[in-house]
Amino acid sequence: MKKLTALILCLALTLSCIAALAETAEKTNMGTVNLNGAFEARCVLPEGYTMETTEMDNGGLLSTILSKDPAKPILMLSIMFDEMYAEVKKLNDLDDEAIAYIESTFTDEYEVEISYQETIHGTKLMVVKEANNAFADVYTIYEGYEFEFVLFPSVEGGAESLTDDQIQMVIEFLGNLDFIPVEE
């Protein structure tokens with residue numbers, strides 16, 4: 001009986017250590033943007049990527065998410081408050097007509113394929129892929145803010161288009177996107 005108790009205790013301690021290490025690893029590669037002290041947008045960045053955020057004069061934020069490997073694609077995040085969506089909690093809350101309007105802002109300029117994904121926290125993401133894979137765009141709304149993640153091929157890498165795996169990478173990492181109220 002003592003051996004069984006010791007084995008269970010050992011297993012519990014091992015699992016605690018693994019959980020602590022996983023949590024630490026996740027936090028070391030966490031991208032966080034604070035929006036006017038109201039809430040934070042957080043996601044785990046793809047392996048090897050870092051994020052640098054700049055506040056724009058119009059109150060928006062622009063983040064560049066780059067890999068240490070210059071051949072990897074570049075990701076730009078822009079966040080801008082839009083009065084038209086001031087009362088909108090999430091993209092999920094818009095009706096079909098409003099969604100069609102947003103889609104038209106992409107289809108009027110480019111030949112694109114539009115699909116939808118959802119984060120693990122239930123936020124709807126509009127995924128826009130340009131026909132030649134010259135860029136991919138992931139769009140959502142939260143609390144009146146428009147979030148737009150644009151993925152480009154690296155100029156240094158010599159690629160003129162993105163691969164399907166690169167586009168899938170950005171969709172997967174945005175699957176962790178979470179909006180957290182800032183506690184005072």
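This is a chat about the fold of one chain in a predicted model.

Biologist: What does the secondary structure of the chain come to?
Modeller: Three helices and ten strands. This is a predicted model, so to speak of it is to speak of a prediction.

Biologist: In which order do the elements run from the N terminus?
Modeller: The order is α-β-β-β-β-β-α-β-β-β-β-α-β.

Biologist: How much of the chain is buried?
Modeller: Buried residues make up 34% of the 184 residues.

Biologist: And the contacts, what share join residues at least 24 apart?
Modeller: 50%, counted among contacts between residues at least 6 apart in sequence.

Biologist: On to the sheet. What is the strand order in the open sheet of seven strands?
Modeller: β3-β4-β5-β9-β8-β7-β6, with antiparallel pairing. The edge strands are β3 (49–55) and β6, and each of these pairs on one side only.

Biologist: What is the average twist?
Modeller: From one strand to the next, the twist averages 20°.

Biologist: How many bridges do β4 and β5 pair over?
Modeller: Five, in the antiparallel sense. The two strands form a hairpin with six residues between them. L61 has I79 in β5 as its bridge partner. T64 is partnered by M76, also in β5.

Biologist: Which way do β5 and β9 run, parallel or antiparallel?
Modeller: Antiparallel, joined by eight bridges. I74 stands opposite F152 in β9.

Biologist: What about β6 and β7, how many bridges join them?
Modeller: Seven, and these strands run antiparallel. Q117 has L125 in β7 as its bridge partner.

Biologist: Which residue in the turn of that hairpin has a positive phi?
Modeller: G122, with a phi of about 90°. The hairpin has five residues between β6 and β7.

Biologist: Which residues of α2 are buried?
Modeller: I99, I102 and F106. They sit on the same side of α2, because they cover an arc of only 65° around the axis.

Biologist: What covers them?
Modeller: The cover includes β6 (112–118), β7 (124–130), β8 (136–142) and β9 (145–152). α2 lies across those strands, β6, β7, β8 and β9.

Biologist: At what angle does α2 run to β6?
Modeller: About 135°.

Biologist: Now packing. How many residues are in the largest nonpolar core?
Modeller: It has 29 residues. Those with the most contacts inside it are L35, I79, F147, F149, V170 and F173.

Biologist: Which elements each supply at least two residues of this core?
Modeller: On the strand side, β1 (30–35), β2 (39–44), β4 (61–67), β5 (74–81), β7, β8 and β9. Helix α3 (164–174) does too. α3 gives the most to this core, with five residues.

Biologist: Where does the other core lie?
Modeller: Apart from the largest one. This other core has eleven residues, among them I99, M126, V128 and Y139.

Biologist: Back to I79. Which residues does I79 touch?
Modeller: Leaving out residues up to four places away in sequence, I79 touches V33, L35, G60, L61, Y145, E146 and F147. L61 is also the residue whose bridge partner is I79.

Technical notes:
Residues are numbered from 1 along each chain as its sequence is written. This is a predicted model: local features need pLDDT of at least 70, side-chain atom pairs count only at pLDDT 80 or more; totals for chains, interfaces and linings use all residues. Side-chain values use heavy atoms; hydrogens and water are left out. Buried means under 20% relative accessible area, exposed over 50%, partly exposed in between (1.4 Å probe, protein chains only). Helices (H or I, at least four residues) and strands (E, at least two) are DSSP runs, numbered from the N terminus. The arc is that of the directions from the helix axis to the C-beta atoms. Contact means heavy atoms within 4.5 Å. A nonpolar core is a set of buried Ala, Val, Leu, Ile, Met, Phe, Trp, Tyr and Cys residues joined through side-chain atoms within 4.5 Å. Two strands pair if DSSP finds at least two bridges between them. Axes are lines fitted to C-alpha atoms, for helices over the stretch in contact, and angles run from 0 to 180 degrees between N-to-C directions.
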